[in-house]
Amino acid sequence: MRLSDFDFDLPDDLIATRPANPRSSARLLVAQGDAITDAVVRDLPDWLCPGDRLVLNDTRVIPARLSGTRTRPGAAGEGTARIEVTLLEPGADGAWSALVKPLRKLREGETVVFSDALNATCESKDDGQARLRFNLSGEDFDAALNEAGAMPLPPYIEAKRKADARDREDYQTVWARNKGAVAAPTASLHFDEPLLAALRARGVEFTHVTLHVGAGTFLPVKVDDVTTHKMHGEWGEITEQAAAEIAATKAAGGRVIPVGTTALRLIETAARGGAIAPFRGVTVIFIYPGFTFQVTDALMTNFHLPRSTLMMLVSALMGRARMMRVYEHAVQDRYRFFSYGDASLLIPE
């Protein structure tokens with residue numbers, strides 16, 4: 001398998017910069033076997049059966065994008081530089097790993113001021129990242145970050161516009177509760193309370209799991225032989241109750257349908273022994289054609305970047321040739337792509 005096997009042409013104007021409003025009014029492409037049907041997300045109950053179980057990622061996106069300044073004395077007086085920071089994850093000692101632009105303008109020991117309340121000192125730089133120590137912790141840090149930070153929109157949206165107040169709500173799922181993600185589980189953004197109520201009335205059940213989506217989800221694949229690609233790690237948890245609910249659905253003959261590739265990667269990580277089990281830790285699972293799915297029966301997901309690991313994942317579930325036909329249809333029929341775009345329901349034979 002070569003990287004070019006997962007490439008396709010995508011017109012730039014199909015990249016969505018705002019979500020549908022209301023959320024469930026987004027379009028839904030249903031691919032069931034070889035058939036392709038055009039629908040709307042609010043039609044989802046029509047495609048599910050009583051006893052089916054949707055697996056939902058309840059991670060909460062933090063306002064991880066920060067803009068600040070560092071000041072440095074010089075021969076002509078103090079000089080300042082703008083520093084842009086994207087938080088990645090906290091270490092066990094409370095320091096954060098972060099992407100910094102421009103990294104070369106920040107020295108170890110220097111402090112970046114983000115607001116009157118929030119600043120951080122650069123403790124070290126390594127492998128294109130900085131290690132930052134903030135002046136606050138706990139609830140004080142959360143409050144200051146909420147004031148100073150912005151939602152970390154994906155690069156392909158940031159290239160078109162900056163995050164604003166609307167993204168505080170738009171880029172968060174209605175069931176988000178466990179903070180720690182720096183990217184949203186975007187298939188879940190299509191759900192609103194009326195849709196959830198309709199699904200419950202249909203007899204569809206829900207299980208919540210947590211996978212803190214990292215910035216690595218946007219990293220490009222740089223190897224031509226895709227089997228040699230190394231995945232980024234992301235922390236996740238499946239509780240005993242969640243594992244038991246999924247196992248019970250499988251035993252009863254219902255379908256387990258993760259909403260989003262993050263939920264899928266987590267449950268398949270926890271099922272590598274052949275059946276779902278509780279899990280807590282970091283997953284680096286890489287799913288590409290040839291992968292054996294243990295739990296997943298179908299998948300609801302958005303439309304993904306060409307040549308991406310997520311394009312490989314959906315090709316593993318549906319078959320590469322079939323997915324290429326699905327994406328050809330989506331482009332021709334002008335579905336909206338990526339994080340704020342439309343959705344697909346993929347049901348393999």
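Predicted model: local features only at pLDDT ≥ 70, side-chain atom pairs only at ≥ 80, totals over all residues.
## Reading burial, strands and salt bridges

Colleague: How many salt bridges does the structure hold?

Modeller: It holds 30. Another one to look at joins Asp-224 to Arg-2, where the closest N and O atoms are 2.6 Å apart. Asp-224 belongs to the loop between strand S12 (205–211) and strand S13 (234–238), and Arg-2 to the segment before S1, so this pair ties together parts that are 222 residues apart in sequence.

Colleague: How exposed are Asp-224 and Arg-2?

Modeller: Asp-224 is partly exposed, with a relative accessible area of 40%. Arg-2 counts as partly exposed too, at 38% relative accessibility.

Colleague: Which residues are linked in a network of salt bridges?

Modeller: Arg-18, Arg-161, Asp-164 and Asp-167. Within that group, the side chains of Asp-164 and Arg-161 meet at 3.9 Å, N to O. The cut-off for a salt bridge is 4 Å. As for accessibility, Arg-161 is buried at 16%, whereas Asp-164 is partly exposed at 31%.

Colleague: Let's move on to sheets. How do I read the pairing of strands?

Modeller: The general idea is that strands of a sheet pair through backbone hydrogen bonds, either parallel or antiparallel. Here, have a look at the open sheet of four strands, ordered S2-S1-S17-S16, where the pairing is mixed. Strand S2 (35–40) and S16 stand at the edges with a single partner strand each, so one side of each has no neighbour in the sheet. On average, neighbouring strands of this sheet are turned by 25° against each other, direction ignored.

Colleague: Which way do S1 and S17 run, parallel or antiparallel?

Modeller: Parallel: five bridges join strand S1 (residues 27–32) to strand S17 (residues 343–347). On the S16 side, S16 and S17 pair in the antiparallel sense, over four bridges. There, Thr-301 has Ser-344 of S17 as its bridge partner.

Colleague: How many residues of S17 are buried?

Modeller: Five of the five, so S17 is largely enclosed by the rest of the structure. In a regular strand the side chains alternate between the two faces of the sheet. In S17, both faces are covered: Ala-343, Leu-345 and Ile-347 are buried on one side, and Ser-344 and Leu-346 on the other.

Colleague: Back to Thr-301, then. Where does Thr-301 lie, and what is it in contact with beyond its sequence neighbours?

Modeller: Thr-301 is part of strand S16 (residues 299–302). Leaving aside neighbours within four places in sequence, the contacts of Thr-301 are Ala-187, Thr-261, Val-314, Ala-343, Ser-344 and Leu-346. Thr-301 counts as buried, at 2% relative accessibility, and its side chain makes a polar contact of 2.7 Å with that of His-304.

Colleague: What about a helix? Which residues of H2 are buried?

Modeller: For helix H2 (residues 138–148), the buried ones are Phe-141, Ala-144 and Leu-145. They cover an arc of only 100° around the axis, which puts them on the same side of H2. Glu-139 and Glu-147, on the other side of H2, are exposed.

Terms used:
Residues numbered from 1 in each chain as written. Heavy atoms only, no water. Helix = DSSP H or I, 4+ residues; strand = E, 2+ residues; numbered from the N terminus. Buried < 20%, exposed > 50% of the residue type's maximum accessible area, 1.4 Å probe, protein only. Polar contact = N/O pair within 3.5 Å; in protein donor to acceptor, adjacent residues only side chain to side chain. Contact = heavy atoms within 4.5 Å. Pairing = 2+ DSSP bridges. Axes fitted to C-alpha atoms, helices over the stretch in contact; angles between N-to-C directions. Arc of directions from axis to C-beta.
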